[in-house]
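Subject: Structure handover

Hello,

Here is the structure I promised to pass on. Please open it first, then read my notes below.

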Amino acid sequence: MSTKEKDKDKKKLDRDEINELKRAFAYNLFYNRSKTTETANMTDFYMAVAYTIRDRMQHLFINTAESLIREPSKIVCYLSAEFLVGPHLANNLVNLGLYDEVAQALKETGLDINEIIEEEVEPGLGNGGLGRLAACYLDSLSTLEIPAIGYGIRYEHGMFHQIIEDGWQKEMSDMWLHCGNPWEIKKPDLSYKIGFGGYTESYTDDDGNLRFRWIPSRMVNAVAYDTPIPGYRVNTVNLLRLWSAEAVEDFDFEDFNVGDYYGAVEEKIKAETISKVLYPNDEPLEGKQLRLEQQFFFVSASLQDMIRMHLLTYDSLSNFHENFTAQLNDTHPSVAVPELMRLLMDEHGMGWDEAWDITTKTLAYTNHTLLPEAMEKWSLGLFSCLLPRHMEIIYEINRRFLDEVERKFPADNDRLRRMSIIDETDGKYVRMANLACVGSHKINGVARIHTDLLKKHTLRDFEEFWPGKMVNITNGVTPRRWMVVSNPRLSSLITEAIGEEWIKDLHRLKELEKFADDSSFREKWRQVQEANKQDVANMAFSEGKKVDPKSMFDVQVKRIHEYKRQHLNVLHIITLYNRIKNNPQLEVTPRSFVFGGKAAPGYFMAKLIIKLINSVADVVNNDPDVADRLKVFFIPNYNVKTGHIVYPMADLSEQISLAGKEASGTGNMKFAMNGALTIGTLDGANVEIREEVGEENFFLFGMTVEEVMNLWATGYDPMDYYRNDDELKQAIDLIKSGHFSNGDSGLFQPLVDSLLYNDEYMLLADYRSYIDCQDMVGQTYLDEDKWTRMSILNTARMGKFSSDRSITEYCQKIWDARPFPVKLRWEKIPEGGIVFRK
């Protein structure tokens, strides 16, 4: 066949596919939504498209599942309290290679694909970096053809929907399921009973062995909801399996008959509370209990599910660890250690030694924090009351472990106290990080500096006891969502220059380096950035705000926390504002400062920082002396959908946490992949990003970890910095005066006092270095060619930070998992006639 004939045949195949998509779309609109194109609204159209794409993924998923049944391969199980998956439609279209065909099919139906994509409600299944990392890893596991299941909770409501009223954060219910979720499939026949409370009893089995059984006082059902996760241009479709809590008996007819209508559904309400809300406020005891219930609920259901699948193929659990590996994403799932022990011993009759060997070979633990307050622990009273059998198992694990420690480090009582799973100080607690370390065969940090600090400080005792057990795997993000989906203009330009292989092999971006000195390519790169910024300016204008697309877009979007130092960014804005007020004719590089992020509902200081940002915005944006040289914006309810807009528009990425506080960060990677330059400290993954892009293409400021520690050790007094830096003093005094709070000098006093008399995160010590570095940023931005060249090189050198690389390292260093390519057994759904690409 000639080339022309092949091209003609390809066009014919595309035409057939577009026609089939149109038919499938019309079918789903009519039969699943009971609508026609004349009566449907935009939600109906979106749902019909989503069902059409989900149907196509089901073909691939069934092939994946059947292939694993025929030829078992090790399955990676990723246990995470959150999966910030983001909207599914656009990402699935890209991975399936159907984006252009669906766009054309919709166009011929009179619809715009962008409007359909925008209609999707973001799933409320995660909050921040932890959940987004889990979602990126699922994408990469499928793309690399590694059999995998993500296990978590199907939260009925997300953490909360953030609105801003009078500058303050206000939390509203995140009802993301109000229109339904077309991507999930409920599996009512796939459920497990989860127990709480009660008591334990001992007995002797038929072989004369002492055994224990747990008699829970309360049971709930965990029901599976499955969402397919396709890889990029492969046949593998993995699974996100989320558990929803339901009552074992959800209606008491006797109570109802005597008029006790609440009592009739009381068990249903109690059970469903477990999967009602992501991260309930844990300040009250009831909130703490609910969080622990959530953690045990999804962990127990997931482990029971893994055991069920294993026993479909094997008669014994003795090789369970050879067929399943379970990654604990932070300490939330670490109750898996005693629960897997309980299941193996109490439910399947194993002895302690065999069960412990299998448990430790199955589980691995990712640590995500260096902050002591984030190291999760539960009071013994609560834990024993809720999980009495698990408390017994933990005591025995701890006894055996401390005996080993004492043999290796005799008479070192301080070491025993530090390493114990039970914290005996200030009340008694179960240390979940220690439990995870003891019960896992590998521990990993998420950036090189983070892992080094874990080994030297946070988990030093465990590193000394088990040299080599702790490894580093630097985080990564998926380029499919964070470049191809979110920045199509830049992705098209890159593909035009170097081909499309970079989408699956991000190291290929290195080929862009040769274009950094090409003036015509730099011009195209600038045009892409300007178009992305103009999109944002148009959106802002439609909301009654004015943004200059020529200004530098200076962006900090992340969870609001004092250690992330959004208020250091605000001090810079106030410093520039003061300079302009002191000299209205001063030449200042125009900047549009953009913030976004949520504060935990009970975190007063973080909420006060949000109020400060909005209060400064009100003053700066409306001061005629500023004359549009500075603009400040806070994006409410920042999420993945917003990130699709924010990362492509940014010129400058603010990664300004105090050195030694951020484990890794992934926003820093997303910004740099999209060409933003970074101003940052030597913290988290910033260190490795700077090494990769080149120190000349990174704006570095602030103290190193060693300098931070030395300053604390020698005595840090923030007042010294306040008194000796006029610009710093003027900025803080302006906040104190009530200038940004309508004369209310007390509004921000808690924040000012925190900086002047404590300053735990050393803003004042890093202030001058930050301001001087920002001045350099402003000057560099005025050199258009230089800035563009730096931007190209940032993107070109970000290959290391693909989640594909991270997952490859997990497979090699921890999981011993290998690719399992899936071959399609058919090209069509058996009775549907829908064509699929091989």
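Two strands count as paired if DSSP finds at least two bridges between them. That rule sits behind the sheet notes below. Bear in mind that this is a predicted model.

**Strand β20 and its neighbours**

Start with β20, residues 652-655. On one side, β20 is joined to β17 (residues 552-557) by two bridges, and the two run parallel. Here V555 is the residue opposite S653 of β20. β21 (residues 677-680) also runs parallel to β20, with four bridges between them. In that pairing E654 faces I679 of β21, and L652 stands opposite L677.

In a regular strand, side chains alternate between the two faces of the sheet.

**The whole sheet**

β20 belongs to an open sheet of six strands. The order is β19-β18-β17-β20-β21-β22, with parallel pairing. Which strands stand at the edges? They are β19 (630-635) and β22 (699-700). Each has a single partner strand, so one side of each lacks a neighbour in the sheet.

**Strand β10**

Next, look at β10, residues 324-329. Six of its six residues are buried, so the strand is largely enclosed by the rest of the structure. F324, A326 and L328 point one way, while T325, Q327 and N329 point the other.

β10 has parallel partners too. β1 (residues 75-79) pairs with β10 over five bridges, and Y78 stands opposite Q327 there. β11 (residues 363-366) pairs with β10 over four bridges. In that pairing A326 is opposite L363.

**Cysteines**

How many disulfides are there? The count is zero, taking a disulfide as a pair of cysteine sulfur atoms within 2.5 Å. C136 is in none: its nearest cysteine sulfur belongs to C811, 16 Å away. C136 is also buried, at a relative accessible area of 0%. C437 counts as buried as well, with 0% relative accessibility.

**A531**

Is A531 buried, exposed or partly exposed? This residue of helix α22 (residues 519-542) has 22% relative accessibility, so it counts as partly exposed; buried would need under 20%. From A531 to D205 is 73 Å between C-alpha atoms, and the two are 326 residues apart along the chain.

**The chain overall**

The chain has 34 helices and 22 strands. Its radius of gyration is 28 Å. A compact globule of 838 residues would come near 28 Å, so the two values agree. Along the principal axes, the C-alpha atoms fill a box of roughly 90 × 80 × 60 Å.

Of the 838 residues, 60% count as buried. The accessible surface is about 33600 Å², and 49% of that belongs to carbon and sulfur atoms. Take the contacts between residues at least 6 apart in sequence: 76% of them join residues at least 24 apart.

Best wishes

Note on methods. Residues numbered from 1 in each chain as written. Predicted model: local features only at pLDDT ≥ 70, side-chain atom pairs only at ≥ 80, totals over all residues. Heavy atoms only, no water. Buried < 20%, exposed > 50% of the residue type's maximum accessible area, 1.4 Å probe, protein only. Rg over C-alpha atoms; globule rule 2.2 N^0.38 Å. Contact = heavy atoms within 4.5 Å. Areas by Shrake-Rupley, 256 points an atom, 1.4 Å probe, with all protein chains shown as cover.
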